[in-house]
Amino acid sequence: MAFRLFLALSVMLFLTACEAGKQMPKLSNKKLCADSECSYPILIARALQDYYPGDCRFIPIRQGQLVYVYAMLKDRGNLFWAGSVQNTYYGEQEARIGHFPSSVVEETHALMPATTEVKTTNWDFYCN
């Protein structure tokens, strides 16, 4: 009886943790943004190829889509950027900021200089 109760409680805790999200490893300790909140886009880029994310820290991108870039991760040679995909019709997809490799896009319009260095937090890499 005690074992069944323990098993049931363990399963409930596991399901609650899965629904609440999970902390993923940090991709970088610092990022470059236009402001201290990283709330303004730095640039607009166009996807050169499709990108299918490996986990929930990243966003899927289709070739030709516009990506609004809000941050450039500073460690590891600026390999990853954070941004949001703009579809042909805005209501088509819920706006979501996520990471992607900088190599899958090309810059089309510079908007603001990325001169503000901001420390990343665990929330930057949290997955729902």
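Colleague: Leaving aside its neighbours within four places in sequence, which residues is R96 in contact with?
Modeller: This is a predicted model, and R96 sits in its loop between β5 and β6. Contact here means heavy atoms within 4.5 Å. With neighbours within four places in sequence left aside, the contacts of R96 are C56, F58, I59, G83 and S84.

Colleague: Does R96 count as buried, partly exposed or exposed?
Modeller: Buried means under 20% relative accessible area and exposed means over 50%, with partly exposed in between. R96 has 37% relative accessibility, so R96 counts as partly exposed.

Colleague: In what order do the elements of the protein run from the N terminus on?
Modeller: The protein has 1 helix and 9 strands. Read from the N terminus, the order is α-β-β-β-β-β-β-β-β-β.

Colleague: Which element gives the largest share of the largest nonpolar core?
Modeller: The largest nonpolar core has 21 residues, and those touching the most other members are L43, I61, V67, V69, W81, F100 and V105. Two or more residues of this core come from each of β3 (43-47), β4 (66-73) and β5 (80-86). The largest share, 4 residues, is given by β4.

Colleague: Which residues does W81 touch, not counting residues up to four places away in sequence?
Modeller: W81 is one of the core residues that touch the most other members. Without residues up to four places away in sequence, W81 touches L43, V69, A71, M72, G98, H99, F100, S102 and V105.

Colleague: How many residues are in the second, separate core?
Modeller: C33, C38, A82 and V118 are included in this core. C38 lies in the loop between β2 (30-33) and β3, and its relative accessible area of 12% is why C38 is buried. Phi of C38 is positive, near 55°, in a residue other than glycine. The number of residues in the second core is 5.

Colleague: What is the volume of the largest pocket?
Modeller: The pocket is lined by 19 residues, and I97, G98, H99, W123 and D124 lie nearest its centre. By class, the lining has 11 nonpolar, 4 polar and 4 charged residues. Elements giving two or more residues to the lining are β4, β6 (97-101) and β9. The volume of the largest pocket is about 380 Å³.

Colleague: Why does T120 count as buried?
Modeller: T120 is in the loop between β8 (116-119) and β9 (126-127). The limit for buried is under 20% relative accessible area. T120 counts as buried because its relative accessibility is 6%.

Colleague: What is the distance from the backbone oxygen of S28 to a polar atom of the side chain of T120?
Modeller: Not counting residues up to four places away in sequence, T120 touches K26, S28, N29, K30, K31, L73 and F125. For S28, the backbone oxygen and a polar atom of the T120 side chain are separated by 2.6 Å.

Conventions: Residues are numbered from 1 along each chain as its sequence is written. This is a predicted model: local features need pLDDT of at least 70, side-chain atom pairs count only at pLDDT 80 or more; totals for chains, interfaces and linings use all residues. Side-chain values use heavy atoms; hydrogens and water are left out. Buried means under 20% relative accessible area, exposed over 50%, partly exposed in between (1.4 Å probe, protein chains only). A polar contact is a pair of N or O atoms within 3.5 Å; within protein, one must be able to donate a hydrogen and the other to accept it, and residues adjacent in sequence count only if both atoms are side-chain atoms. A nonpolar core is a set of buried Ala, Val, Leu, Ile, Met, Phe, Trp, Tyr and Cys residues joined through side-chain atoms within 4.5 Å. On a 1 Å grid over the protein atoms alone, a cavity is a set of points where a 1.4 Å probe fits but cannot get out, and a pocket is an open set with protein on both sides within 12 Å along at least five of seven lines; lining residues have an atom within 4 Å of a point. Grid points are joined across faces, edges and corners, and a volume is the space filled by probe spheres set on the points. Ala, Val, Leu, Ile, Met, Phe, Trp, Tyr, Cys and Pro count as nonpolar, Asp, Glu, Lys and Arg as charged, and the others, Gly among them, as polar.
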